[in-house]
Amino acid sequence: MSKFIEVGTSDAVDAQSRLEAPMDNAFAQDLCAALSTRPRAISPKYFYDEAGSLLFDRICDLPEYYPTRTELGILERNAQDIAAHMGPRAEIVEFGAGALRKVRILLDAMDRPARYLPIDISGEHLSRAASALQQDYPGLDVQPVVADYTQRLLLPAPLPGAGQRVGFFPGSTIGNFTPDEALHFLQVTAQVLRGGALLIGADLVKDPAVLHAAYNDSQGVTAAFNLNLLARANRELGARFVLEQFAHSAFYNAPRQRIEMHLVSKRRQMVSVGGQCFEFEEGETLHTENSHKFTIDSLRSLAVRAGFRPGPVWTDPDNLFSVHWLHAPL
Ligand code: AVJ
């Protein structure tokens with residue numbers, strides 16, 4: 001993004017680079033590719049710029065959005081048991097670290113945690129959360145990694161004398177992947193964590209009305225989160241989406257056991273991204289997210305196919321959410 005600012009010499013070069021600069025970033029490429037295909041779909045990872053990460057934090061506190069507080073409750077009630085599985089001097093690698101609330105529950109219960117490596121795509125958000133955590137755990141080695149964990153990942157070598165390396169993937173973020181991507185992610189993760197384990201949260205299949213409410217909150221925070229994708233394109237790519245011309249849509253696709261989020265064009269319109277124009281018909285959508293729901297068995301059999309050996313599963317009394325311990329064999 002800042003490329004043309006550093007390189008810029010003459011006005012002509014600036015004007016030229018200004019048009020081209022947006023296209024050499026992944027968001028611009030993926031958005032233009034999404035708008036050029038039918039049906040139109042883009043990865044939900046682009047929700048999480050600074051504003052999007054803050055909106056997601058607000059979603060987690062909504063009365064209708066049960067996953068976060070349910071998972072926190074599961075972790076709190078079972079922290080001792082989970083910490084016993086981790087063993088002494090364990091190292092936690094968290095995939096997609098967000099606000100770092102959940103890991104505190106683990107750290108508080110663990111026997112002398114050796115190191116914490118939060119990986120997140122949103123650099124500013126991550127470093128703010130990581131330094132807050134470091135203040136509260138002065139003795140802990142906190143090493144934030146700004147990276148896209150859906151891409152190939154290189155982690156620092158284990159610390160000398162450290163216990164097992166435990167991956168932590170809470171929030172049911174696994175549900176954002178297609179089934180094939182989820183399998184691939186788990187396969188890669190089983191390799192990265194060889195000899196350790198993965199602690200993973202998975203939202204469970206349930207009454208569609210409960211699911212529907214969780215993604216259609218009355219305050220409109222989820223709608224703002226969805227629309228932030230377009231706002232971000234306007235901010236970062238000089239796109240010209242008129243936000244009022246798009247509506248938030250979220251519904252449960254029962255046969256595929258997933259919530260789908262879309263941005264629906266309220267009327268026929270043209271939009272411009274990075275100097276390219278795209279047409280939307282009235283009612284045409286940009287598919288922005290899938291949030292797959294699991295059964296305990298479906299998550300465990302996926303893990304087995306990826307090379308894990310499933311261990312204990314913790315749930316809440318209403319069976320809304322599940323947290324799984326998966327051994328990664330050597
Ligand atoms: C962060 C992917 C787990 O799927 O529930 C929340 C994202 N989207 N509300 C989810 C989300 C709309 C969330 N995950």
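How many of the eight residues of strand 8 (residues 246-253) are buried? In this predicted model, six of those eight residues are buried, so strand 8 is largely enclosed by the rest of the structure. The points below begin with this strand and its sheet, turn to the shell around the ligand, and then take up several individual residues.

**Strand 8 and its sheet**

- Strand 8 runs antiparallel to strand 9 (residues 258-265), and eight bridges join the two strands.
- As a general point, the strands of a sheet pair through backbone hydrogen bonds, and they may do so in a parallel or an antiparallel way.
- Two of the facing positions can be picked out by eye in the structure: Tyr 252 stands opposite Ile 259 in strand 9, and Asn 253 stands opposite Arg 258 in strand 9.
- Together, strand 8 and strand 9 form a hairpin that has four residues between the strands, and in this turn Gln 257 has a positive phi of about 50 degrees.

**The ligand and its shell**

- The ligand is surrounded by 14 residues, and the closest of them are Tyr 65, Gly 171, Tyr 215, Glu 289 and Ser 291.
- A polar side-chain atom of Tyr 65 lies 2.5 Å from an oxygen atom of the ligand, and a polar side-chain atom of Tyr 215 also lies 2.5 Å from an oxygen atom of the ligand.
- For Ser 291, the distance from a polar side-chain atom to an oxygen atom of the ligand is 2.6 Å.
- On its own the ligand has 350 Å² of accessible area, and the protein covers 97% of that area.
- Two or more residues of the shell come from each of these elements: helix 4 (50-60), helix 11 (221-237) and strand 12 (285-292).
- Sorted by class, the shell around the ligand consists of seven nonpolar residues, six polar residues and one charged residue.

**Backbone features in the loops**

- Arg 38 and Pro 39 are joined by a cis peptide bond, for which omega is about -10 degrees, and Pro 39 is placed in the loop between helix 3 (26-36) and strand 1 (40-41).
- Ser 172 is not a glycine, yet it has a positive phi of about 65 degrees; this residue lies in the loop between strand 6 (165-169) and helix 9 (179-192).
- Is Ser 172 buried or exposed? Its relative accessible area is 6%, and because buried means under 20%, Ser 172 counts as buried.
- Asn 319 is another residue other than glycine with a positive phi, in this case near 55 degrees, and it is found in the loop between strand 13 (309-315) and strand 14 (321-327).
- With a relative accessibility of 42%, Asn 319 counts as partly exposed.

**Ser 322 and its surroundings**

- Ser 322 has its place in strand 14, where its relative accessibility of 1% makes it count as buried.
- The side chain of Ser 322 makes a polar contact with the side chain of His 324, at 2.9 Å.
- When residues up to four places away in sequence are not counted, Ser 322 touches several others, among them Ile 74, Ile 200, Leu 204, Ile 296, Val 313 and Trp 314.

**Arg 104 and its contacts**

- Arg 104 is placed in helix 7 (residues 102-109), and its relative accessible area of 22% makes it partly exposed.
- Which residues is Arg 104 in contact with, leaving aside its neighbours within four places in sequence? They are Ala 132, Leu 133, Asp 136 and Tyr 137.
- With one of these, Asp 136, the contact is a polar one between the two side chains, at 2.6 Å.
- Arg 104 and Tyr 137 are 33 residues apart along the chain, and their C-alpha atoms are separated by 9.2 Å.

Methods
Residues are numbered from 1 along each chain as its sequence is written. This is a predicted model: local features need pLDDT of at least 70, side-chain atom pairs count only at pLDDT 80 or more; totals for chains, interfaces and linings use all residues. Side-chain values use heavy atoms; hydrogens and water are left out. A residue is near a molecule or strand if one of its heavy atoms lies within 4 Å of it. A polar contact is a pair of N or O atoms within 3.5 Å; within protein, one must be able to donate a hydrogen and the other to accept it, and residues adjacent in sequence count only if both atoms are side-chain atoms. Accessible areas come from the Shrake-Rupley method with a 1.4 Å probe; for residues, only the protein chains shown count as cover. Ala, Val, Leu, Ile, Met, Phe, Trp, Tyr, Cys and Pro count as nonpolar, Asp, Glu, Lys and Arg as charged, and the others, Gly among them, as polar. Buried means under 20% relative accessible area, exposed over 50%, partly exposed in between (1.4 Å probe, protein chains only). Contact means heavy atoms within 4.5 Å. Two strands pair if DSSP finds at least two bridges between them.
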